[in-house]
Amino acid sequence: MQWKAKVEVTLKKAVLDPQGAAVEKSLQALGYDGVSQVRVGKYIELNLEANDREEAAARVEDMSRRLLSNPVIEDYSYVLQEAGL
Amino acid sequence: MKFGVIVFPGSNCDLDSYHLVRDVLNKEVEYIHYSEKSVGRRDVIILPGGFTYGDYLRSGAIARFSPVMNAVAEFADKGGLVLGICNGFQVLTEAGLLPGALCRNHHLQFRCEQVFVRVDNNSLPFTLSASLGKVLEMPVAHGDGSYYAPPELLEEMKANDQIVFRYTDQNGDVTPQANPNGSLENIAGVCNRAGNVVGLMPHPERAGEKVLGSRHGLIIFKSIISYLTGREVVRNV
């Protein structure tokens, strides 16, 4: 069965995000008042083969921990859906 | 005494390291292709600078799964000397062979300039020829060099004397101005717990000849050679 995983990788709160800070400044310069806490992360989309949701989730967890994120500085989250939906 | 320099796709300081070891230090050195499953019988493995796999995802994140990295981990586990320079440092942190991580420079700029670093641990095979607090001038050239470790890890590293180099001014004072990338506590280089794996962002291999403006990088290589020579002598007794 084909699954689609949408993985989001974000810097941990304690880690400085210079990209987010630069984007925030730029948004404020454009006149968007009250914008704060801008954080830039990564979005990774992938299809994978697995027999059921549980197996698909376990594989996405594994790849998120080992490669897609660096647990020292980043957190990850994901949504899983049947591919083609 | 044999040096090996790993060549990953996208390494670009492999030649600099090779040149320094062969032509300046007159020691045996060979390239090791990233697809190798063994590092052979070598005494020192250098992971050079560059942009492995285009720095995609994170610097060093993909290179650390190269076939040769299992061999590097085994080599390190047995006490072999491993030196990661710049991107090589990033690969070693991604591989978990060194603590912490290297993040985007806080000013978002790529920095290519001479810096000063202070030797904060001179009891390692990589630094034993330097006096404690010795200030070395070396170049940096990176966009992702901001060192980070979570607070509890940092405390553990301090307790184990794992912070090897700090960015300082010419006099050896840790100042915000001397920090080229926003590294936590001006950290420029660290070691593993056992002290046989070291990584640093500055380039000692590019500071080994007068024509390059500084020869301070030689201290690191000469330390390694002294350490290994001493060991060979002991081994021969």
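Leaving out residues up to four places away in sequence, B:I46 touches B:F3, B:V5, B:I6, B:S17, B:L83, B:I85 and B:G88, where two residues are in contact if their C-beta atoms, placed from the backbone, lie within 7 Å. The model is predicted, and local features therefore need pLDDT of at least 70 and side-chain atom pairs count only at pLDDT 80 or more, whereas totals for chains, interfaces and linings use all residues. Residues are numbered from 1 along each chain as its sequence is written, while chains are lettered from A and ligands numbered from 1 in the order in which they are written.

A residue is termed buried if 20 or more other C-beta atoms, placed from the backbone, lie within 10 Å of its own, exposed if 12 or fewer do so, and partly exposed in between. A nonpolar core is a set of buried Ala, Val, Leu, Ile, Met, Phe, Trp, Tyr and Cys residues joined through C-beta atoms within 7 Å, and helices (H or I, at least four residues) and strands (E, at least two) are DSSP runs numbered from the N terminus. The largest nonpolar core holds 75 residues, of which B:I6, B:I46 and B:V82 touch the most other members. Helix α5 (residues 218-236) of chain B supplies the largest share of this core, with 7 residues. A second, separate core of 8 residues has A:W3, A:A5, A:V60 and A:Y76 among its members.

In chain B, helix α3 (residues 87-94) is mostly covered, with 8 of its 8 residues buried. The buried residues of α3(B) are covered by elements of chain B that include β3 (44-47), β4 (81-85), β5 (101-103) and β11 (197-200). Just after α3(B), B:G96 adopts a positive phi of about 80°. Among the buried residues of α3(B) is B:Q90, which is also one of the contacts of B:D144. B:D144 lies in the loop between β7 (135-142) and β8 (146-148) of chain B, and it counts as buried because it has 20 C-beta neighbours inside 10 Å. B:D144 and B:D77 are 67 residues apart in sequence, and their C-alpha atoms are 27 Å apart in space.

Strand β9 (residues 163-168) of chain B is likewise mostly covered, since 6 of its 6 residues are buried. Two strands are taken to pair if DSSP finds at least two bridges between them. Strand β6 (residues 111-119) of chain B pairs with β9(B) in the antiparallel sense over 4 bridges, and B:V119 stands opposite B:F165 of β9(B). Strand β10 (residues 187-191) of chain B is joined to β9(B) by 3 bridges, again in an antiparallel arrangement, and B:R166 has B:I187 of β10(B) as its bridge partner.

Chain A contains 2 helices and 3 strands, which follow one another along the sequence in the pattern β-α-β-α-β. The radius of gyration of chain A, taken over C-alpha atoms, is 16 Å, well over the 12 Å that the globule rule (2.2 Å times the number of residues to the power 0.38) gives for 85 residues, so the chain is more spread out than a compact globule. Its C-alpha atoms fill a box of roughly 50 × 30 × 15 Å along the principal axes, and buried residues make up 16% of the 85 residues in chain A. Among chain A contacts between residues at least 6 apart in sequence, 69% join residues at least 24 apart.

The strands of chain A form an open sheet of 3 strands in the order β2-β1-β3, with antiparallel pairing. The edge strands, each pairing on one side only, are β2 (42-49) and β3 (74-82) of chain A. From one strand to the next, the twist averages 20°, with axes being lines fitted to C-alpha atoms (for helices over the stretch in contact) and angles running from 0 to 180 degrees between N-to-C directions. Strand β1 (residues 2-11) of chain A and β3(A) pair in the antiparallel sense over 9 bridges, and A:A5 stands opposite A:L80 of β3(A). Helix α2 (residues 53-68) of chain A lies across β1, β2 and β3 of chain A and runs at about 150° to β3(A).

The contact between the chains takes 10 residues from chain A and 13 residues from chain B. On the side of chain A that touches chain B, helix α1 (residues 18-29) of chain A gives the most, with 3 residues. The residues on this side of chain A comprise 8 nonpolar, 2 polar and no charged, where Ala, Val, Leu, Ile, Met, Phe, Trp, Tyr, Cys and Pro count as nonpolar, Asp, Glu, Lys and Arg as charged, and the others, Gly among them, as polar.
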